[in-house]
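Here is a walk through one model, going from a single chain to how the copies sit together. Have a look at the structure first, then read on.

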Amino acid sequence: MTLNEIALFLGCEGIEGDIEITGMNTLSRANKGEISFLSDSKYEKELLETKASAVILPASKVHLLPSGVTALVSEEPYMSVALLSQKFAKAIQSSDIAPMIGEGTQLYPTAHIENGAQIGKNCIIMSGVYIGAEAIIGDDVTLYPNVVVYRDCVIGNRVTIHAGAVIGSDGFGYAHTKLGEHVKLYQNGNVVIEEDVEIGANTTIDCAVFGSTIIKKGAKIDNLVQIGHNCIVGEHSILVSQTGLAGSSTLGRNVVMGGQSATAGHLTIAPFTTLAARSGVTKSITTKGVYSGFPLMEHKLWLKLQAKLARMLEY
Amino acid sequence: MTLNEIALFLGCEGIEGDIEITGMNTLSRANKGEISFLSDSKYEKELLETKASAVILPASKVHLLPSGVTALVSEEPYMSVALLSQKFAKAIQSSDIAPMIGEGTQLYPTAHIENGAQIGKNCIIMSGVYIGAEAIIGDDVTLYPNVVVYRDCVIGNRVTIHAGAVIGSDGFGYAHTKLGEHVKLYQNGNVVIEEDVEIGANTTIDCAVFGSTIIKKGAKIDNLVQIGHNCIVGEHSILVSQTGLAGSSTLGRNVVMGGQSATAGHLTIAPFTTLAARSGVTKSITTKGVYSGFPLMEHKLWLKLQAKLARMLEY
Amino acid sequence: MTLNEIALFLGCEGIEGDIEITGMNTLSRANKGEISFLSDSKYEKELLETKASAVILPASKVHLLPSGVTALVSEEPYMSVALLSQKFAKAIQSSDIAPMIGEGTQLYPTAHIENGAQIGKNCIIMSGVYIGAEAIIGDDVTLYPNVVVYRDCVIGNRVTIHAGAVIGSDGFGYAHTKLGEHVKLYQNGNVVIEEDVEIGANTTIDCAVFGSTIIKKGAKIDNLVQIGHNCIVGEHSILVSQTGLAGSSTLGRNVVMGGQSATAGHLTIAPFTTLAARSGVTKSITTKGVYSGFPLMEHKLWLKLQAKLARMLEY
């Protein structure tokens, strides 16, 4: 799609010159040939340094654009991005190349591997597993029955994924019209699972909007956990059952989250932090420690609060 | 099954006259030829206007019956209904008619479509998908791998359902014996998903006891959400991950429920209401607004409460 | 594996005599020919009465060993157990005996039954179901599409399991190195589901580390429930949607747990106890009653607390 076609599609004013646009990306990740956007002024700093070829942004921000970057003016840039994202959405099937299966790998007959996928050596890919187009599976991987790996996802060596887990389903992102309708922001990123990760049954890990949702090496994730788009789970972190990470949560290494705990998204948790069961993180945690409750507090404060509440009950 | 056979089966007193009974239904929905029941006196008003041919109810309520409606007297009407429901339960397979598949629809080889199902045009029905008997799927529907659609469910045009989601599983309903055993109330209703709905991975939506669980057009539902029997999710509502709706929750249009929030069931939420993450709704919400907490309160009150609790910790 | 091979593998001191070790087990369950371990001094009493042939334990506890039981000295017994557990892990496939399918049982063509499994009479095993090696399924069992039953699990007569549920996935257990890495404790037990149990869609029930996770007869479990390894769910108990039981929770008969409630594990709940929605149990409950909240309290106290908090908001 060329930049002029995009401008036309979005109803932006005509632009001078024209180039082929290969994809969409965030301001900080975009490269030459990609289009990006500014929908939240907290990213203005990234705008100043973007390598994107064009940026969708409101008229009031055009003066901030680096020279050589084309402006596509929109007063609803997030909606423009959502509308445009469909044009760059990847098809479920996109390759004619038969999947490559490594030596010693056992494929159950009802597993379905899309064209363009690659599977390493000595894996066991059990019944009902689905592996999407261009997905890459390492060596010694075990995918239990009915695991689903969406297109483009990457799974490292010695990863085990238990039955029914879904890797790479669409992140939950929409722009909203004034009439209250929701326009899907197509999720064109992937999930990268590094080596020695174990993932529990019926857990769901969404793909990134752009770029990757990343589960770093050695992390252990229990059953029925939800990990939103663009999260990063640090090395050797532990997420106990029914935990939920909202989008763009970044966990340092060796973070432990107890059962049914959650994060609110767009925040960072310091390495070696422990979060008690049911805790709810709404702000970044910069100092490692043990935290509890919702709203979150230091665990010892939470104990003090419970003691005070218990005393209230005595009268 | 005739009314006399039903009376005999339930151990009710003999009844005069006899007719064929075609099904069970609630007092307000039942039509001629159907049997209904009164197990909770709050539905007495509906009894007065029921079109059912017969009603299971305690002796003390028989005088309320409209003329021409036969009484089946039971001092445990809910238990009688549960016992009888099995007689009207639908078989998993019930049709000899090969499924109808619309033009341009792609069926993966391991998808299983029961007889009597209908699938529209230009759908993609991926590997491991199951579509039950008499289910109706619209046009341009995407069912990702291992989605399960139980019998009789109806899915509108342009619906997308992500991997592993289950539509139409049995609602959770039992009558209880004095010995503490549970007698299943067979769930003979369905799920209706209107057009342009998107449903996340491993989400579960239960079928109705009678009638339909309804997801209205444009609603967006995230991963690992639970929707109980007979819920109605309003147009363009948004349910974030791990939310749970207990049975017979009715959400108006554009309700937003944050992650891990929940409703207690048998309640109504006003249109355009926003519920913060983790909020728990136990009573109907009649005024739109932003609510938080469990028990639920206005969000600004919840903030005030948290501030007061924080102050308690200072001493 | 012989005891000498085990000692060598774990880097324990050489031992006198040698015998074949057939498996690992807890102190109280282990029999002659099995190896056990003491990693927590609260199990010392069980050590005194163990029938294990050998026990992994720290030097300071060796004097407690009954005579005739061999000590394998390790200052990190839990890590030694984790390392050793891999040696006793069962393969996914382990039998050459074609599965036995009872009369009147319907197997959908995409169901996958491993060798060594046994299925009773008049079952319906729907599309995409997986049944592992040596699993035993009773009579009149309904497994809806994409149910996964791991190896060795036992399912009683008249059990119904809804779509996507996973029975017998690995419990979540790891030993931790000083560098913060996690060493998997292989979960060699199973799940036993007794007769007349119903299990909801996408629910997950983990197998035991050793022995069995047990769901007793007549229990009813809703959708998206998580049951950890070695739990025991009592007869006719009811677990509502999105409930989570941490490992080794023992529920008496007729326990009712509301939606999104949870237990902290290694605790016991008295028969006929009712836990409100969202309640979180962190200590054993010895007296039946109605409980709420997190931390848990009697429901009437919880109501009093909420009233007091509401009053705080008036100023």
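Into which domains is chain A divided? This is a predicted model, and in it chain A splits into domain 1, covering 3-88, and domain 2, covering 165-301. Between the C-alpha centres of domain 1 of chain A and domain 2 of chain A there are 29 Å. The two domains do touch: 12 residues from domain 1 of chain A and 9 residues from domain 2 of chain A make up the contact. On the domain 1 side, helix 3 (residues 77-88) of chain A gives the largest share, 8 residues. Sorted by class, that side of domain 1 of chain A, the one touching domain 2 of chain A, has 7 nonpolar residues, 4 polar and 1 charged.

Now for chain A as a whole. Its secondary structure amounts to 4 helices and 35 strands. Along the principal axes, the C-alpha atoms of chain A fill a box of roughly 70 × 60 × 35 Å. Chain A has 315 residues, and 54% of them count as buried. Taking contacts in chain A with a separation of 6 or more, 22% are between residues 24 or more positions apart.

What about the inside? Nonpolar side chains in soluble globular proteins tend to be buried together. Here the largest nonpolar core holds 277 residues, and A:Ile167, B:Ile167 and C:Ile167 are the ones that touch the most other members. Leaving out residues up to four places away in sequence, A:Ile167 touches A:Val148, A:Val149, A:Tyr150, A:Cys153, A:Ile161, A:Val191, A:Ile193 and A:Ile205.

Over in chain B, there is an open sheet to follow. It has 11 strands in the order 6-9-12-15-20-23-26-29-32-34-35, with mixed pairing. Strand 6 (106-107) and strand 35 (297-298) of chain B are at the edges with a single partner strand each, so one side of each has no neighbour in the sheet. At the strand 35 end, strand 34 (residues 290-292) of chain B pairs with strand 35 of chain B in the antiparallel sense, over 2 bridges. One residue pair to look for there is B:Ser292 with its bridge partner B:Met297, in strand 35 of chain B.

| Chains | RMSD | Turn | Shift along the axis |
|---|---|---|---|
| Chain A on chain C | 0.0 Å | 120° | 0.0 Å |

In chain A, it is A:Gly128 whose C-alpha is nearest the axis, 3.5 Å from it.

Where chains B and C meet, 32 residues of chain B are in contact with 34 residues of chain C. Strand 16 (166-169), strand 18 (182-184) and helix 4 (299-312) of chain B each supply at least two residues of the chain B side. The largest share, 4 residues, is from helix 4 of chain B. By class, the chain B side that touches chain C comes out at 14 nonpolar, 13 polar and 5 charged residues. Only 19% of the interface residues of chain B are also interface residues in chain C, so the copies meet through different surfaces.

Terms used
Residues are numbered from 1 along each chain as its sequence is written. Chains are lettered from A and ligands numbered from 1 in the order in which they are written. This is a predicted model: local features need pLDDT of at least 70, side-chain atom pairs count only at pLDDT 80 or more; totals for chains, interfaces and linings use all residues. Two residues are in contact if their C-beta atoms, placed from the backbone, lie within 7 Å. Domain bounds come from an automatic or database domain assignment. Ala, Val, Leu, Ile, Met, Phe, Trp, Tyr, Cys and Pro count as nonpolar, Asp, Glu, Lys and Arg as charged, and the others, Gly among them, as polar. Copies are superposed by least squares on the C-alpha atoms of residues with pLDDT of at least 70 in both. A residue is buried if 20 or more other C-beta atoms lie within 10 Å of its own, exposed if 12 or fewer, and partly exposed in between; C-beta atoms are placed from the backbone. A nonpolar core is a set of buried Ala, Val, Leu, Ile, Met, Phe, Trp, Tyr and Cys residues joined through C-beta atoms within 7 Å. Two strands pair if DSSP finds at least two bridges between them.
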